[in-house]
Amino acid sequence: MELPVAIIILLIVLIVLALAVFLLATIAELVKINRGLAAAIPLVGELVSKTAPVNGVLDAINGTLVTGRDLLEGLALKKAGPDGAGLVESCFPGEGAKFLRRVGASGAVLPIGEDYPRGAAILNSLLGGTAPVPAAGSAPAPAPAASGGSPSEAVPGGGRISLRDTPAPAAQEPAEPGRLSAMGARPWESAPAAEAPAEPGRLTAKGARPWER
Amino acid sequence: MTVLWIMVVVLVVALLLLAKLLSGVLGAARSITPTVTAIGGVAAAGSKDLDAVIALVTTQNYISQVVAGLANYGGSLDVALPDA
């Protein structure tokens, strides 16, 4: 046998051996991968099955919340009229314009601020204070409470309502007479005979509005 | 004879090339194995975390109750307060 032929045969054997070694090692790795995937796929299936109802539940939650939002916005529109967007803007900055778009209205959004004199006046009238001046064509304000007390007895000072949480003046005379704090003491539950309203104009539904100045 | 030597050279080059290519395939296959194992671990942890998803049903129920209470409250306000 000639030398080149022997070398060729040797090289061919080496090639076959290399093929066998590398391919067997590759096959072994592929088997490991297959086992790993077989273990992972059921876990991924669990993920899929556990997250499957999430969309439906979240859609239902969103639908419920949107219904509640629409209800409150409709109420704000009905009760506050043009002030509705301002009320929404005061409670949730940036939402006033969206509120206007949703209700199909337009115009500038004027934040009401922390106090809404008209709402305070209406609440004050319900609590026995001076009745607000109703808007033209609107329902009359409810009658004062039947306690027989004067407005100043029910709500000292005429009343303001805060749209945001404010610390309650604990067991003290309010620094600002008649302020109805959403989280504070309730003057109508404990108020003794109080002074006349310091700011009588706040009881008027159509009184001066600071944001219109 | 010359042809035989040329064949020898070609086979040597082919052997080297084959070894390089096969080692690349083997390295790639070996790099997949830990990734698959990690995917399994992450999927197991994620599946365990998602056990709390069932609480969303309770949340949905609470939200429905809250909105129902809100509707009642709004209805009362609608009656109690005058329109704008």
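The relative orientation of α1(A) and α1(B) comes down to one angle: the two helices pack at about 15 degrees, with their axes 8 Å apart; axes are lines fitted to C-alpha atoms over the stretch in contact, and angles run from 0 to 180 degrees between N-to-C directions. Because angles under 35 degrees count as roughly parallel, α1(A) and α1(B) are roughly parallel to each other. The model is predicted: local features need pLDDT of at least 70, side-chain atom pairs count only at pLDDT 80 or more, and totals for chains, interfaces and linings use all residues. Residues are numbered from 1 along each chain as its sequence is written, and chains are lettered from A and ligands numbered from 1 in the order in which they are written.

The crossing of α1(A) and α1(B) is left-handed, that is, the near helix is turned anticlockwise from the far one by less than a right angle. The contact of these two helices comprises 39 nonpolar, 8 polar and 5 charged residues; nonpolar covers Ala, Val, Leu, Ile, Met, Phe, Trp, Tyr, Cys and Pro, charged covers Asp, Glu, Lys and Arg, and the others, Gly among them, are polar.

Let me turn to chain B. Its secondary structure comes to 2 helices and 0 strands, taken as DSSP runs (H or I, at least four residues, for helices; E, at least two, for strands) numbered from the N terminus.

How many residues of chain B are in contact with chain A? There are 46, facing 51 residues of chain A, where contact requires C-beta atoms, placed from the backbone, within 7 Å. On the chain B side, α1(B) gives the most, with 26 residues. That side divides into 33 nonpolar, 10 polar and 3 charged residues.

Technical notes
Two residues are in contact if their C-beta atoms, placed from the backbone, lie within 7 Å. Angles under 35 degrees count as roughly parallel, over 145 as roughly antiparallel, 65 to 115 as roughly perpendicular and the rest as oblique.
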